Amino acid sequence: MADIELRNLSKHFGSLAAVDDIDLDVEAGEVVCLLGPSGCGKTTTLRMIAGLEDATAGDIFIAGARVNELAPRDRDIAMVFQFYALYPSLTVSENLAFPLHAERITKEEIDRRVREIAGLLDLSHALGRVPGRLAEGEKQRVAVGRAVIRDPQCFLFDEPLSRLDIAVRQEMRGQIKQLLNGLHKATVIVTHDQIEALTIADRIAVMRDGIIEQVASPHDIFAKPANVFVAGFIGTPQMNLVEANVIDADEDTATVNMLGQEVVLPLHAEISLQGTAPRRNAPVTVGVRPRGLAPASETGPTTISGQVDLIEPMGAETLIHLRIGEDDLRVVTSRGHPAAVGETMHVAPTPGQVHLFDHDGMRIAS
Amino acid sequence: MARRRREIGKAGWGRTAFSTVISFIYFFPVLWIILTAFKSHTDALSTPPKFIFTPTLDNFVSVFARAYERGGAAVDTHFDLFFFNSIFIAGASVGVALIIGTIAAYGFSRWPLRGNETYLFIILTTRMLPPIIVIIPIFIMFRLSGLSGSYIGIILLYAAFNLPFTIWMMKSFFDEIPREVEDAARMDGSSEMKIFFRICLPQVKAGIAATAVFGLILTWNEFLFALLLTGRDTRTVPVAMAQTIGGDIGVRWGLLAAIETLFLIPVVFVTFLLQNQLLRGVTFGTIRR
């Protein structure tokens with residue numbers, strides 16, 4: 001059982017800091033997702049752990065030993081690449097056996113392991129085929145099989161599901177999660193798909209512009225975003241983030257002027273680590289998820305009113321856009337909720353669903 | 001009534017006929033040579049040219065053995081040796097160029113030097129001047145080193161001439177293959193040697209075939225260096241062919257055409273053999289796979 005530690009890790013390409021002084025711990029048996037938009041440095045971080053990219057500064061430890069100077073093959077890591085990176089001229093069984101050639105084990109043992117993995121991943125029928133003759137889902141499973149066949153100390157996945165279509169992706173997501181649960185290895189997964197991160201990871205590290213914005217459990221990332229970026233990045237439909245001014249605040253409520261209306265927001269008496277409770281007259285950003293706004297029958301001190309501008313049915317729920325002045329407020333209602341474009345609608349934030357961020361974007365209250 | 005729409009992906013009769021005519025015009029010289037090879041000396045010289053004639057194999061026999069004087073006995077012309085020379089020299093020089101060029105191209109593609117592009121450009125400049133310009137220094141070098149007239153000399157020279165083109169072409173093939181696969185092999189514990197031979201090389205098979213065919217055709221038809229730098233025993237077919245022109249009955253067009261027809265066969269054979277690879281090689285990278 002081994003863990004991965006990143007200390008003050010940086011990677012510069014010329015003057016560009018792709019990864020800027022990050023710290024991260026991945027415990028043995030833990031699955032950590034690096035999540036962020038394209039170009040945020042997540043893949044570079046993964047490649048530095050793998051040894052495919054040299055770190056500009058900082059240290060990488062695997063099982064307590066510094067590995068910065070070790071070649072990839074000496075780090076005892078297996079990696080699943082975004083485009084699978086199967087060996088195109090080798091058959092599935094040769095692909096699966098490839099990592100074992102460096103292990104100095106008998107041919108019989110190699111055959112046994114290949115058959116075992118192929119059985120586990122439902123690839124027994126395809127062992128004699130070359131990757132070009134496989135379906136996307138099968139390629140993906142071969143890539144995973146090639147990684148797990150060797151029993152390495154840790155696993156790295158680079159966008160493992162990004163190439164699959166939606167149906168296969170959902171199925172594979174479940175399979176990968178099950179597989180990782182059984183492996184109990186330190187695992188780092190890079191993804192830009194938040195659903196993937198939220199479902200698979202034990203903890204999520206949200207990255208932007210080479211820095212880690214927040215590391216927390218999927219629940220905390222979603223329910224207690226550290227800042228405006230994380231709040232806006234996680235969750236679909238996107239969280240409503242509205243500029244506001246605090247008129248008054250106490251432990252349970254904050255009265256703010258937002259969207260030209262005076263609204264009393266329910267707070268959960270949970271003050272964030274920054275310890276700066278909302279102050280009077282302070283400019284804040286109010287964050288409320290579209291599902292955290294409930295339709296109200298009539299206007300009141302806790303409601304916000306707006307005109308229905310657009311209705312997007314999403315199946316079980318309906319997304320309604322309210323126009324308030326120049327702003328757009330997204331509300332998710334149940335499918336049966338009656339609404340018509342042009343009519344006025346009142347909504348009230350549900351307790352526990354309101355976040356206040358200070359002018360630096362840090363969460364100060366929820 | 002609306003005009004019937006042509007099926008997409010199928011050419012109409014008009015276009016097909018037009019293409020056929022154009023292809024025929026292109027192919028006509030080759031066809032004419034092949035026809036002439038089967039004509040008797042009189043038929044070959046007749047005006048207007050004959051399209052209907054009694055075919056004869058005499059010209060093909062004359063390629064390998066014929067009388068040099070009217071009424072003389074048939075003598076061995078050594079053309080079997082010249083054909084062997086052409087095949088051996090072209091094959092060996094392209095082989096040498098491919099081995100060195102492929103390894104060099106992999107280096108240029110994966111471990112670029114400081115100023116990589118400059119090196120590549122300089123390599124290409126050696127092909128920019130017409131060969132005639134360098135023929136005198138090369139001739140002197142060959143004389144002084146004793147390479148003149150030897151197999152090794154002409155093979156090395158052709159290999160050197162094929163090398164720039166081989167490096168450029170192979171580099172573009174290596175550039176096309178995704179590096180992720182090599183990274184994967186690196187993580188799976190492969191040495192750089194194993195990555196090259198087991199992972200990269202099989203992926204550029206089509207490229208090697210395409211490069212080989214182009215190299216073979218260039219070398220096969222080369223005349224100038226072969227004329228000046230091969231000896232009696234190492235003479236190639238183009239040189240021998242040129243020396244066949246002349247004689248006491250004027251130019252024997254039928255004989256020349258027969259040599260050319262025979263000369264075409266290996267090229268057609270190799271191209272046919274590698275055509276699938278060749279098509280893949282030429283269209284490599286045009287579609288994302």
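Q: How many residues of domain 1 of chain B are in contact with domain 2 of chain B?
A: This is a predicted model: local features need pLDDT of at least 70, side-chain atom pairs count only at pLDDT 80 or more, and totals for chains, interfaces and linings use all residues. Residues are numbered from 1 along each chain as its sequence is written, while chains are lettered from A and ligands numbered from 1 in the order in which they are written. Two residues are in contact if their C-beta atoms, placed from the backbone, lie within 7 Å. Domain 2 of chain B contributes eight residues, and domain 1 of chain B contributes ten.

Q: Which helix gives the largest share of the side of domain 1 of chain B that touches domain 2 of chain B?
A: Helices (H or I, at least four residues) and strands (E, at least two) are DSSP runs, numbered from the N terminus. Both α1 (13-37) and α2 (41-45) of chain B supply at least two residues of this side. The largest share is four residues, and its source is α1(B).

Q: How many residues on the side of domain 1 of chain B that touches domain 2 of chain B are charged?
A: Ala, Val, Leu, Ile, Met, Phe, Trp, Tyr, Cys and Pro count as nonpolar, Asp, Glu, Lys and Arg as charged, and the others, Gly among them, as polar. Five residues of this side are nonpolar and four are polar. The charged count is one.

Q: What distance separates the centres of domain 1 and domain 2 of chain B?
A: The domains span 16-59 and 79-282, with bounds from an automatic or database domain assignment. Their centres are taken over C-alpha atoms. The separation is 32 Å.

Q: Which residue of β19(A) is the bridge partner of I304(A)?
A: β19 (344-349) has four bridges to β15 (293-296), where A296(A) stands opposite H346(A). β19(A) also has four bridges to β16 (304-313). There, I304(A) is partnered by V347(A).

Q: Which residue of β18(A) stands opposite I324(A)?
A: β17 (317-324) and β18 of chain A run antiparallel, joined by eight bridges. Across this pair, I324(A) faces D327(A).

Q: By how many degrees are neighbouring strands turned on average in the six-stranded open sheet of chain A?
A: This antiparallel sheet has the order β13-β12-β11-β14-β20-β21. Its edges are β13 (261-266) and β21 (363-365). Axes are lines fitted to C-alpha atoms, for helices over the stretch in contact, and angles run from 0 to 180 degrees between N-to-C directions. With direction ignored, the average turn is 45 degrees.

Q: Which residue in the turn between β12(A) and β13(A) has a positive phi?
A: Six bridges join these antiparallel strands, including the pair N257(A) and E262(A). Their hairpin has two residues between the strands. The phi of about 55 degrees belongs to L259(A).

Note on methods. Two strands pair if DSSP finds at least two bridges between them.
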